[in-house]
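This briefing describes one structure by topic, moving from a single sheet to the whole chain and then to the pairing of copies. Please read it alongside the sequence and the coordinates shown here.

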4 protein chains.
Amino acid sequence: MRTSKEYREKILSMRPNVYMNGKLVGRDHPDFEPGIRTLALTYDLVDDPEYADLLTATSHLSGEKINRFTHMHQSTDDLLKKQEMTRKLCLVCGRCIQRCMGIDAMNGLSLVTKDIDNAKGTNYHERFLKYLRFFQDNDLVGNAAQSDVKGDRNLRPHQQADPDLYLHIVERREDGIVVRGAKAHNSIAAYADELIVIPTRALTEEEGDWAVAFAIQADAPGIKLISLPHNHRKRKHLKAPIEDYGTMHALTVFDNVFVPWDRVFMNGETEFAGQLASQFATYHRHSYTGCKPALSDIFLGATALMAEYNGIGKASHVRDKLAELITVGELVYGAGIAASVKGFKSASGTFAPDVVFTNVGRYHAGTNIYHEFETLADIAGGLAATLPFEEDFYSPDTKDDLEKYIMRKSDVCAENQHRAYRLVENLIASSTGAATGISGIHGGGSPVMEKIAIMSKYDIQARKNVVKYLAGIKD
Amino acid sequence: MRTSKEYREKILSMRPNVYMNGKLVGRDHPDFEPGIRTLALTYDLVDDPEYADLLTATSHLSGEKINRFTHMHQSTDDLLKKQEMTRKLCLVCGRCIQRCMGIDAMNGLSLVTKDIDNAKGTNYHERFLKYLRFFQDNDLVGNAAQSDVKGDRNLRPHQQADPDLYLHIVERREDGIVVRGAKAHNSIAAYADELIVIPTRALTEEEGDWAVAFAIQADAPGIKLISLPHNHRKRKHLKAPIEDYGTMHALTVFDNVFVPWDRVFMNGETEFAGQLASQFATYHRHSYTGCKPALSDIFLGATALMAEYNGIGKASHVRDKLAELITVGELVYGAGIAASVKGFKSASGTFAPDVVFTNVGRYHAGTNIYHEFETLADIAGGLAATLPFEEDFYSPDTKDDLEKYIMRKSDVCAENQHRAYRLVENLIASSTGAATGISGIHGGGSPVMEKIAIMSKYDIQARKNVVKYLAGIKD
Amino acid sequence: MRTSKEYREKILSMRPNVYMNGKLVGRDHPDFEPGIRTLALTYDLVDDPEYADLLTATSHLSGEKINRFTHMHQSTDDLLKKQEMTRKLCLVCGRCIQRCMGIDAMNGLSLVTKDIDNAKGTNYHERFLKYLRFFQDNDLVGNAAQSDVKGDRNLRPHQQADPDLYLHIVERREDGIVVRGAKAHNSIAAYADELIVIPTRALTEEEGDWAVAFAIQADAPGIKLISLPHNHRKRKHLKAPIEDYGTMHALTVFDNVFVPWDRVFMNGETEFAGQLASQFATYHRHSYTGCKPALSDIFLGATALMAEYNGIGKASHVRDKLAELITVGELVYGAGIAASVKGFKSASGTFAPDVVFTNVGRYHAGTNIYHEFETLADIAGGLAATLPFEEDFYSPDTKDDLEKYIMRKSDVCAENQHRAYRLVENLIASSTGAATGISGIHGGGSPVMEKIAIMSKYDIQARKNVVKYLAGIKD
Amino acid sequence: MRTSKEYREKILSMRPNVYMNGKLVGRDHPDFEPGIRTLALTYDLVDDPEYADLLTATSHLSGEKINRFTHMHQSTDDLLKKQEMTRKLCLVCGRCIQRCMGIDAMNGLSLVTKDIDNAKGTNYHERFLKYLRFFQDNDLVGNAAQSDVKGDRNLRPHQQADPDLYLHIVERREDGIVVRGAKAHNSIAAYADELIVIPTRALTEEEGDWAVAFAIQADAPGIKLISLPHNHRKRKHLKAPIEDYGTMHALTVFDNVFVPWDRVFMNGETEFAGQLASQFATYHRHSYTGCKPALSDIFLGATALMAEYNGIGKASHVRDKLAELITVGELVYGAGIAASVKGFKSASGTFAPDVVFTNVGRYHAGTNIYHEFETLADIAGGLAATLPFEEDFYSPDTKDDLEKYIMRKSDVCAENQHRAYRLVENLIASSTGAATGISGIHGGGSPVMEKIAIMSKYDIQARKNVVKYLAGIKD
């Protein structure tokens with residue numbers, strides 16, 4: 001398995017193709033560091049006894065010990081471990097661990113390439129397995145590039161004013177394909193090794209050029225990553241893990257990018273585009289049943305800490321709200337467990353979580369995230385929004401005043417009160433915190449997408465039949 | 001295993017001690033039939049291939065095949081099967097299957113009697129196992145008598161104006177104990193073989209007389225069952241399963257009732273009263289993660305059927321509401337699965353579900369029940385509340401009018417429209433339906449009780465520590 | 001003004017055309033009494049100093065003092081008084097005061113007949129005023145017959161398999177029209193003097209026969225009232241006002257009913273059908289901003305009383321819930337006040353409430369009703385659902401037991417505890433209570449109808465323009 | 001009346017006592033500009049025909065035309081105009097208009113000083129009127145300094161480890177008083193003329209030193225304003241009103257500040273501290289019934305615009321959500337109207353809004369703000385959180401890509417799509433937007449405070465009595 005040092009060196013060696021704030025920047029730009037440091041955790045902790053069992057697996061290809069973030073799930077137990085690993089790692093960095101997305105896309109490809117082959121006599125799965133072996137052996141970080149920019153939401157891909165509004169094949173050559181388009185909201189693309197590209201939706205027959213899936217190096221010719229960092233404002237005095245980790249999103253532009261055949265996993269099979277899109281979504285939403293409870297843990301801990309520091313830790317209404325926060329996180333986590341237990345082994349041998357439980361879990365997370373913000377804001381009080389600058393706590397003119405007037409419970413020192421409020425500001429009163437709310441709705445698919453997934457799989461007719469039986473209706 | 005005929009004959013042979021509407025009635029009173037018929041299902045379906053595997057188990061005592069409703073859970077698998085059995089049986093009778101409560105109390109006793117013995121050198125567990133063997137061999141129906149009437153909620157048991165407001169021991173004799181008090185909300189007590197009596201709450205040292213658990217025949221001397229039936233109004237023409245099944249609650253009065261020692265399972269061990277109360281509650285709430293999803297299934301099916309019959313089955317807002325109903329039921333069911341998976345084997349060998357997952361599941365059910373009523377009422381429309389009497393649909397004066405004006409989608413005949421609305425009236429516009437809403441909140445413990453259970457077990461400090469670490473707070 | 005005795009005598013003198021439970025019954029059937037008694041309040045209290053100013057008005061036609069339930073609103077003050085009168089009267093009968101519906105329909109007709117005349121040169125308004133004078137002089141009770149049975153909700157009136165599924169004109173004669181069809185959910189029709197019939201929806205050009213409005217005696221030839229009473233179960237011992245009042249709904253069948261021209265107020269003017277439907281709805285929803293707060297008052301009072309009797313009146317979570325109940329009722333009432341203040345004088349001189357405020361008020365009531373049930377059920381506890389029969393409290397066999405075990409706070413006697421729970425049972429655990437929940441959603445138009453009304457009137461474009469200005473978008 | 005130029009010159013002439021980001025800064029620091037520009041609107045628009053009638057009033061003292069932001073309300077009409085003025089001005093600056101707080105405090109003082117005088121024979125009201133005349137004649141901007149930093153929330157002011165955690169009198173001199181302490185969350189203090197200081201809570205007898213109210217110049221000796229600006233990131237290319245306006249909060253430190261007697265309005269009258277605190281709160285929450293609907297207007301407009309630009313403006317679920325946003329804003333606004341209509345004239349002649357309606361309105365705003373964020377985030381999609389930097393839209397390297405891939409509906413140009421998303425980012429994905437959510441809960445008092453106010457005024461006993469009457473309970 002790769003070390004974090006090797007991962008970092010590889011990233012730094014890549015061709016500069018990241019644009020930020022109007023400039024082409026190298027991957028050594030300081031805004032990358034929080035993201036790279038987050039990914040590094042997934043390498044560093046493989047030897048930590050607390051995480052080792054969760055963070056490693058045995059490759060079903062090579063029989064070697066591999067990083068779980070490169071593993072194809074083989075069983076319920078693999079899914080349970082992935083879920084638990086995700087929750088625990090998110091608690092180390094205080095946010096999204098990020099590496100799940102690539103492996104969620106890979107699992108989706110594993111399953112669907114086999115189904116395509118079975119249906120059409122193609123050999124995508126073999127290709128995919130070769131690529132997977134390379135991916136595992138090199139312990140790579142993959143980004144999942146799924147969301148097209150989508151243009152007019154009322155129109156299908158082939159109806160858009162500009163065909164590039166959904167990424168598509170513009171040329172099929174002897175040695176591979178050439179694609180054009182853009183993928184949006186690409187977390188970690190700027191510090192990933194590889195981009196795993198898959199369709200964003202079900203397609204119709206005339207949309208063969210849009211039915212495309214492939215893997216590509218993140219710095220391949222023609223790829224531009226227009227990036228936006230989401231890091232907490234650097235602190236000068238009050239260092240803390242919460243500021244160490246961060247993320248970066250990209251709009252990834254594919255400007256006539258060449259992909260060789262051995263990295264192409266779908267090429268026009270429109271009838272499988274929807275399945276691949278939703279199979280990735282299922283895996284990714286299952287990952288959310290691990291990471292969102294971690295976010296709930298953090299909101300719960302922060303709310304409880306604020307209540308304690310304010311001297312109201314035992315107030316009845318506070319305990320009531322803490323209990324509600326717990327129910328949110330654990331219902332989501334429980335749904336993920338149920339999805340693992342009720343999962344199924346696909347034709348490829350890859351194990352997949354149950355669609356309904358996965359989606360009700362992700363749905364519940366997505367429809368409660370703003371309520372979690374509200375609860376923390378409610379208990380923490382207005383100071384989260386009006387906390388003076390860090391510098392004011394260290395300037396001789398204002399230091400004494402601020403240390404005097406930030407005091408609450410007298411046995412918690414001013415610095416800790418400050419630290420606690422600075423963290424809460426980071427969580428709910430910063431642009432990064434605010435973005436977490438939005439990604440809490442949309443990441444992995446918004447609640448409306450989960451409803452669609454649920455409705456597509458749930459046997460409503462069976463429930464109608466129960467009711468007809470109870471009512472004595474025969475027809 | 002007993003047959004339903006044997007069960008019924010036994011019940012009919014019991015001493016008349018049921019009072020209803022101002023009279024002492026025999027157990028052959030027609031208001032008993034819907035309840036007895038419900039219980040009979042748990043006997044009749046053991047041979048049905050669809051239910052046999054769920055409804056039977058192998059006794060860990062005798063090695064015999066027994067009814068699962070008399071089984072002590074030995075594993076995750078037992079809990080999963082109990083949960084699934086509960087959901088499926090509730091769909092047959094269209095409501096609570098009722099027999100869970102006794103076996104939930106028995107499982108609680110199994111676990112706690114062992115813990116008492118381990119702590120205090122008593123031999124309750126052995127007694128209990130003997131009683132259990134008798135219970136299994138005779139395939140008995142047990143009622144769980146837990147909720148005391150509780151008097152002034154501000155006062156502890158021993159502080160009440162009348163000590164009997166919590167059931168307690170009034171005499172300890174050589175051959176057993178004598179108890180007095182009353183237990184409320186006792187579903188099925190009037191057609192159960194046995195009452196399993198346990199404390200309702202944690203107790204303090206001075207409350208030794210209230211720390212009592214035992215089993216007693218439901219018609220033992222001194223026991224009065226003041227009963228209230230909850231059945232649907234009998235139909236004359238429009239027969240349907242929904243009216244076949246019902247329930248009956250009792251206020252069970254213990255007027256100096258003698259209990260021999262071999263049926264006494266707690267006698268003054270106040271420090272275990274709370275554990276027993278909450279261990280039963282955990283098992284029973286876990287049963288709710290099976291039965292409440294069944295109720296959600298019925299509300300979902302009824303809502304979908306009403307939408308179809310009204311011609312709006314495909315409307316976007318209808319599908320949205322159906323999806324929300326699904327998430328309620330499946331989050332609860334998923335939490336129950338997670339509770340089974342994350343359960344633990346107790347000192348007694350009996351397997352118990354995880355407390356937090358069980359309680360978040362029950363909590364979610366309890367806080368959503370009225371919203372389920374609201375959704376069905378919303379989609380079904382006002383006719384649920386203004387549907388004329390059944391007789392009017394059969395009287396020559398009004399039959400033609402009603403059959404003409406109840407028509408909606410023209411391919412659904414008037415009788416089926418009528419049947420569907422009659423069922424919805426039963427579900428949400430009848431006293432029985434209304435009571436289901438209330439028991440949806442309070443049965444097995446109201447949401448506030450689940451919050452208390454969650455807060456007593458959840459490691460909030462661990463979450464505070466995560467947040468302190470992220471904030472850089474060391475102390 | 002009429003006395004309640006005169007009202008009652010008139011009702012009893014009407015032709016028997018009410019069908020109930022398979023039989024033709026006279027209006028002296030005991031199930032009518034609770035409804036008639038409710039209406040009688042609106043006559044009896046005109047002389048009560050507490051109500052006189054609210055319950056009377058000065059006719060703008062005759063200058064005479066009239067019952068406000070026959071008055072055409074002339075000002076903001078009239079609307080405020082109607083709203084307050086409604087709330088106060090509902091607190092006397094503990095439920096819907098019922099007489100609002102007729103006068104809401106009359107106000108709607110007053111306004112729209114004038115607009116039709118202005119647009120088309122007809123003389124409906126003059127006809128209407130003559131009828132109004134008769135209505136006021138005789139102090140009549142009017143039912144509003146609006147909701148057609150509607151058949152397949154996907155089809156328009158003229159597309160239905162049976163054209164009668166929406167009431168329509170089947171013949172236009174020299175002396176009047178003949179109509180056929182049925183109106184559903186007709187509260188008080190069985191003990192009203194008159195039916196005020198108006199369309200239920202907007203109509204298209206080809207639906208001229210459905211664009212019809214008129215007034216007719218409730219016992220006119222061809223009218224059948226198939227009725228369903230919603231009364232509380234009669235008590236034998238524990239008499240209380242809550243059981244004195246009740247309601248009765250009807251499916252009103254018009255089987256070729258003749259209406260003379262002087263009672264016809266719309267005859268084919270399809271372009272005004274929608275306006276009349278929604279103008280009545282606006283007036284009626286404005287009445288809901290008076291009656292629903294009264295229901296909230298009752299739920300609030302019952303919740304507070306239960307909490308007190310249980311000894312938890314000062315618990316923090318109880319006070320929290322009481323405060324939430326208050327916000328529901330007062331937001332609705334406040335919206336009704338705002339609607340009165342921001343109302344407008346129509347061409348007819350009749351004053352109408354603002355559409356948006358009226359509808360947001362009714363919407364808030366409709367979307368909170370089940371939450372009010374939930375709150376009362378939560379605080380009252382399961383006994384609301386398991387309270388033994390009244391008779392059991394009076395039978396020598398069980399009286400002592402029940403009086404002993406119903407005790408809570410020791411300074412509240414058993415009878416009052418019983419009375420309080422019996423009332424709560426009536427409110428939330430009876431078929432009548434359950435029906436109140438459903439009418440809380442649908443009466444006057446369900447929340448989805450209010451949204452439609454709001455969206456049709458609210459100036460969303462103005463808000464978009466604000467945002468475009470703020471964003472610097474010019475187009 | 002003052003011009004905005006005069007206001008600005010005055011502010012710039014003040015003694016530098018503002019600290020920001022570790023430095024003492026002048027009021028000409030660029031971070032002040034957005035706040036000053038917001039206040040300037042309240043001067044500039046007095047001559048604008050659209051606002052003149054709302055923005056001016058006639059002084060009841062001088063009979064002169066004055067700015068309404070210096071006016072003592074005399075009637076329902078004054079309150080209605082203040083509410084409407086507030087809503088309209090907030091739509092000009094796209095956020096809080098800020099000047100309300102000072103005049104809300106002044107109205108509170110007007111009312112309470114008279115009540116103190118009446119009770120205790122003091123002459124605060126006369127003092128206050130002199131000060132008011134000065135305030136009106138000079139058309140001043142007042143900040144309301146109410147929230148003490150409060151220390152341990154479990155302890156009363158006089159119990160705190162440091163008595164200064166609540167501002168208090170440290171010396172009473174012949175010519176005035178000397179105060180010490182700090183006031184938190186002081187919006188506009190840094191660019192106000194005057195600070196109006198009042199207590200934050202009810203006080204007990206031993207807390208006479210904390211019962212203090214006064215007015216003071218914002219740059220008086222001993223006052224330090226430690227400030228935090230909340231402005232949107234300056235744009236270089238995409239200028240828009242949304243970025244022109246902003247706010248600045250301060251922790252205002254009073255380090256032995258001298259206040260002459262003619263500016264002291266409470267000096268030890270502990271029994272009136274709670275009344276003054278809550279009377280200001282009532283006025284200020286009434287202002288919220290004007291400003292929060294404006295914020296709802298903006299969220300509504302932005303949601304509708306995003307839906308339109310994405311091509312889903314007519315989707316059923318979008319219209320549903322728009323309707324819900326409308327109900328939030330208009331219920332709040334309606335409650336404010338009702339509070340104005342049901343207000344009362346105090347002993348001082350100053351008119352005050354009804355407490356219950358005011359508080360239910362503010363409560364509804366506070367409990368829905370995060371849901372409004374959620375709705376906009378839901379409809380706008382993830383791009384609000386991942387929108388690249390403004391510069392990237394203007395850099396030659398990335399301009400073409402971004403303009404190509406931001407396209408949605410093809411008839412809306414790329415710049416407008418960009419403008420719309422930049423605005424949404426400002427609203428919900430920036431630190432300033434995030435702070436708006438928090439102040440939406442806490443500004444003017446959080447929902448829990450409104451519940452306390454409601455419970456203190458609402459006649460729950462009257463509702464219990466209604467229920468007792470209905471239940472037949474006499475006692």
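In chain A, six strands make up an open sheet of mixed pairing, in the order E2-E1-E10-E11-E7-E6; strands (E, at least two residues) and helices (H or I, at least four residues) are DSSP runs numbered from the N terminus, and two strands pair if DSSP finds at least two bridges between them. The model is a predicted one, in which local features need pLDDT of at least 70 and side-chain atom pairs count only at pLDDT 80 or more, while totals for chains, interfaces and linings use all residues. Residues are numbered from 1 along each chain as its sequence is written, and chains are lettered from A and ligands numbered from 1 in the order in which they are written.

**The six-stranded sheet of chain A**

- The edges of this sheet are strand E2 (23-25) and strand E6 (168-172) of chain A, each of which pairs on one side only.
- On average, neighbouring strands of the sheet are turned by 30° against each other, direction ignored, where axes are lines fitted to C-alpha atoms, for helices over the stretch in contact, and angles run from 0 to 180 degrees between N-to-C directions.
- Within the sheet, strand E1 (residues 18-20) and strand E10 (residues 223-230) of chain A run parallel and are joined by two bridges, and A:Tyr19 stands opposite A:Ile226 in E10(A).

**Chain A as a whole**

- Chain A holds 16 helices and 14 strands.
- The radius of gyration of chain A, taken over C-alpha atoms, is 24 Å, close to the 23 Å that the globule rule (2.2 Å times the number of residues to the power 0.38) gives for 475 residues, so chain A is as compact as a globular protein of that length.
- Along its principal axes, the C-alpha trace of chain A spans about 75 × 70 × 50 Å.
- An unreviewed UniProt entry annotates residues 3-266 of chain A as "domain: HpaB/PvcC/4-BUDH N-terminal", and over these residues the chain is 31% helix and 24% strand.
- The annotation "domain: HpaB/PvcC/4-BUDH C-terminal", also from an unreviewed UniProt entry, covers residues 273-472 of chain A, where the chain is 75% helix and 2% strand, with the end C-alpha atoms 42 Å apart; such annotations may be inferred rather than shown by experiment.

**The four-stranded sheet of chain D**

- Four strands of chain D form an open sheet with mixed pairing, in the order E5-E8-E9-E12, and its edge strands are E5 (142-145) and E12 (264-267).
- Strand E9 (residues 212-217) of chain D runs antiparallel to E12(D), to which three bridges join it; D:Ala213 has D:Met266 in E12(D) as its bridge partner.
- Helix H6 (residues 124-137) of chain D lies across E5, E9 and E12 of chain D, running at about 150° to E12(D).

**Chains B and C**

- A rotation of 180° with 0.0 Å of shift along its axis superposes chain B on chain C with an RMSD of 0.0 Å, by least squares on the C-alpha atoms of residues with pLDDT of at least 70 in both.
- The two copies are thus related as by a two-fold rotation axis, and the C-alpha of chain B nearest that axis belongs to B:Ser431, at 2.2 Å.
- The contact (C-beta atoms, placed from the backbone, within 7 Å) takes 70 residues from chain B and 70 residues from chain C.
- On the side of chain B that touches chain C, H14(B) gives the most, with nine residues.

Note on methods:
Two residues are in contact if their C-beta atoms, placed from the backbone, lie within 7 Å.
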